[in-house]
Amino acid sequence: MSTAKLLIENVSKSFYDRKRSREVEVLRNFTLEVSASEFVCMVGPSGCGKTTLLKIVAGLETASNGAAYIDDKKVTGPGPERGLVFQDFALFPWRNVKDNVIFGPEVLKAPLKERLGTAGKYIKLVGLSGNEHKYPGELSGGMKQRVAIARALANEPEVLLMDEPFGSLDAQTRFLMQNELLHIWNQDRKAIVFVTHNVEEAVYLAERVIIMTACPGSIKQVVNIGLTYPRHIADHGFITLREKITASIVEEVKII
Amino acid sequence: MRPLRIVSILLFLVIWEIAALLVALPQLFPTPVAVIIALKDLLIAPGPSETVWAGELMGNTIISLWRVLVGFLIAAISGVFLGIIIGQWQKARDLLEPVIEIMRPIPPLAWIPLAILWFGLGFKPAVFLIWLGAFFPILLNTVLGMESTPKNFVEVAKTLGADSWQLLTKVSLPSATPSIMAGLRIGIGIGWMCLVAAELTGSNSGLGFMIMYYYSTMEAAKTVAGMLMIGIVGYIMFIGLKKLEDKLLFWRTVA
């Protein structure tokens, strides 16, 4: 077996599309290994099954074929060793920041003292100290996403799955959050699988960028980003990689 | 309070007074002044046997309130409970929904004859009718609230390790609370109307009975005084529930 933290092996997924009343294949023979502290970004045309893939890894959907493995253990349902962060934050509006972050330890019945410690630690890590008692309705988009990240981290997952987490933020906040995430990754060294349709974001963040084909999604190309952190979007090397990946995606879009 | 709102009430009283004076049939169409005098008389007059101490007006109000409280509580508990079950389990839904859909369009008032046959007069038929009136809006709003729990909330809770009981108590239920509260508010309004209707025919105490009684004695001012009391109490209950709702659901409005 492999030594990867996360192994996605030969995953295919088909849905029954009611509107068109036929099977639609969204993923075909997708195979990927992610090691323990690796940062991987997935980019590709919309509708190529990126979100579905993350949900399969998260255990929220089952693959039609193939499977995902964490430390060689097959994924059969959701589990606290995998954290998921949504684009629209999905914060519980009736819980304040602290109680949102604490949700995971709470449902896993961690002792109260431990819960509060964990919450404090991750609220601090995402830079939200002092906002523990605010409600999601009082927070800006960037703050909400920080809470969502802290909530996912509070279960101390080994793999962090992020589905276009910064997609709904404005450019400036997005840039801040990207640096924040790199900072967190540097401290925590978790495996991160990050879905985005923003190529620049992928090149800025990832060690490896996975380019997906159009529907049904499979791996078209894997690009190793050899640049050292912190990266600069105006560097020659950065621009070259960005253009290369963009061209590769455009090719896929044209096929459709 | 905004001044125009006070003007609204004053204007209404003035038009009422003028209209009543023009019609000049005080037995049928009392003036506001006559109604206020009637209110005062009713406050002083001894109440129904079990509430003599409270006076006629307050005694009947207490009796009516007690009935509506009991009926509403039973409706709230049964409605929310069944609503959760229907909203959560498709099988329960298939089992219960057809019956509910057939029962629902029957106006609670159509149950009055049966309610009197089954329960006689007074407390029990009134509670039964209040329950009937309040139950359906509470049930339907609970089901609606449970159904409209955002899928993301459920998924994120699952990935954080919530089991199905925790999904229900920590996600679906709090998420459905705004809808449930709306159901309770509608329910208590309909329950109050059903109560008065039940007391008109199936009771010898309560505000509904009181206005019917003074109809039969041709004392329209006292009938109107009773109606006014029904309106005021209904309004206070509505405001009370609204306040409770705002308190419970403050997270909806914080910004």
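## Two chains, questioned

Modeller: Start in chain B. Helix α3 (residues 56–88) of chain B packs against helix α8 (residues 164–202) of chain B, at an angle of about 145° and with axes 8 Å apart. Keep in mind that this model is predicted.

Biologist: Which way does α3(B) pass α8(B), right-handed or left-handed?

Modeller: The crossing is right-handed.

Biologist: What makes the contact between α3(B) and α8(B)?

Modeller: From α3(B), the residues include G71(B), F72(B), A75(B) and G79(B). From α8(B), they include G183(B), G187(B), G191(B) and W192(B). The test for each contact is C-beta atoms within 7 Å. By class, 11 residues are nonpolar, seven polar and two charged.

Biologist: Which residues of helix α7 (residues 151–159) of chain B are buried?

Modeller: They are F153(B), V156(B), A157(B), K158(B) and T159(B). To be called buried, a residue needs 20 or more other C-beta atoms within 10 Å of its own.

Biologist: What covers the buried residues of α7(B)?

Modeller: The cover includes α8 of chain B, and also α1 and β6 of chain A. After α7(B) comes G161(B), with a positive phi near 105°.

Biologist: How many residues does each chain give to the contact between chain A and chain B?

Modeller: Chain A gives 21 residues and chain B gives 15 residues. On the side of chain A, β6 (82–85) and α3 (103–107) are the elements that give two or more. That side has 14 nonpolar, four polar and three charged residues.

Biologist: How do you know that both faces of β6(A) are covered?

Modeller: Look at each side in turn. R82(A) and L84(A) lie on one side, G83(A) and V85(A) on the other, and all are buried.

Biologist: What makes β6(A) and strand β7 (residues 159–163) of chain A a pair?

Modeller: Four bridges join β6(A) to β7(A), and the two run parallel. Pairing needs at least two bridges, so β6(A) and β7(A) qualify. In β7(A), L161(A) stands opposite L84(A), and M162(A) stands opposite V85(A).

Biologist: Why is β6 of chain A called an edge strand?

Modeller: β6 of chain A pairs on one side only, and β10 (219–224) of chain A does likewise. Their sheet is open, has six strands in the order β6-β7-β8-β3-β9-β10 (chain A), and shows mixed pairing. From one strand to the next, the twist averages 15°.

Biologist: Why is strand β3 (residues 39–43) of chain A called mostly covered?

Modeller: Five of its five residues are buried. F39(A), C41(A) and V43(A) point one way, V40(A) and M42(A) the other.

Biologist: Which strands do bridges join to β3(A)?

Modeller: Strand β8 (residues 191–195) of chain A is one, with four bridges. Strand β9 (residues 208–212) of chain A is another, also with four bridges. Each runs parallel to β3(A). Both clear the cut-off of at least two bridges, so both count as pairs. M42(A) stands opposite V195(A) in β8(A), and its bridge partner in β9(A) is I210(A).

Biologist: What is the strand order of the four-strand open sheet in chain A?

Modeller: The order is β2-β1-β4-β5 (chain A), and the pairing is antiparallel. The edges are β2 (22–34) and β5 (73–74) of chain A. Helix α1 (residues 50–58) of chain A packs on this sheet and touches β1, β2 and β4 of chain A. Its direction makes about 120° with that of β1(A).

Biologist: What makes strand β1 (residues 6–17) of chain A a partner of strand β4 (residues 65–70) of chain A?

Modeller: Five bridges join them, and pairing asks for at least two, so they pair. One bridge partner is I70(A), for L6(A).

Biologist: How is chain A divided?

Modeller: Domain 1 is 6–81 + 157–255 and domain 2 is 91–156. Their centres are 25 Å apart, taken over C-alpha atoms. The contact takes 14 residues from domain 1 and 12 residues from domain 2. Helix α6 (residues 171–188) of chain A gives the most to the domain 1 side, with seven residues.

Biologist: Why does E243(A) count as exposed?

Modeller: E243(A) has 12 C-beta neighbours inside 10 Å. The limit for exposed is 12 or fewer, so E243(A) counts as exposed. E243(A) lies in helix α8 (residues 236–255) of chain A.

Technical notes
Residues are numbered from 1 along each chain as its sequence is written. Chains are lettered from A and ligands numbered from 1 in the order in which they are written. This is a predicted model: local features need pLDDT of at least 70, side-chain atom pairs count only at pLDDT 80 or more; totals for chains, interfaces and linings use all residues. Two residues are in contact if their C-beta atoms, placed from the backbone, lie within 7 Å. Ala, Val, Leu, Ile, Met, Phe, Trp, Tyr, Cys and Pro count as nonpolar, Asp, Glu, Lys and Arg as charged, and the others, Gly among them, as polar. Axes are lines fitted to C-alpha atoms, for helices over the stretch in contact, and angles run from 0 to 180 degrees between N-to-C directions. A crossing is left-handed if the near helix is turned anticlockwise from the far one by less than a right angle, and right-handed if clockwise. Domain bounds come from an automatic or database domain assignment.
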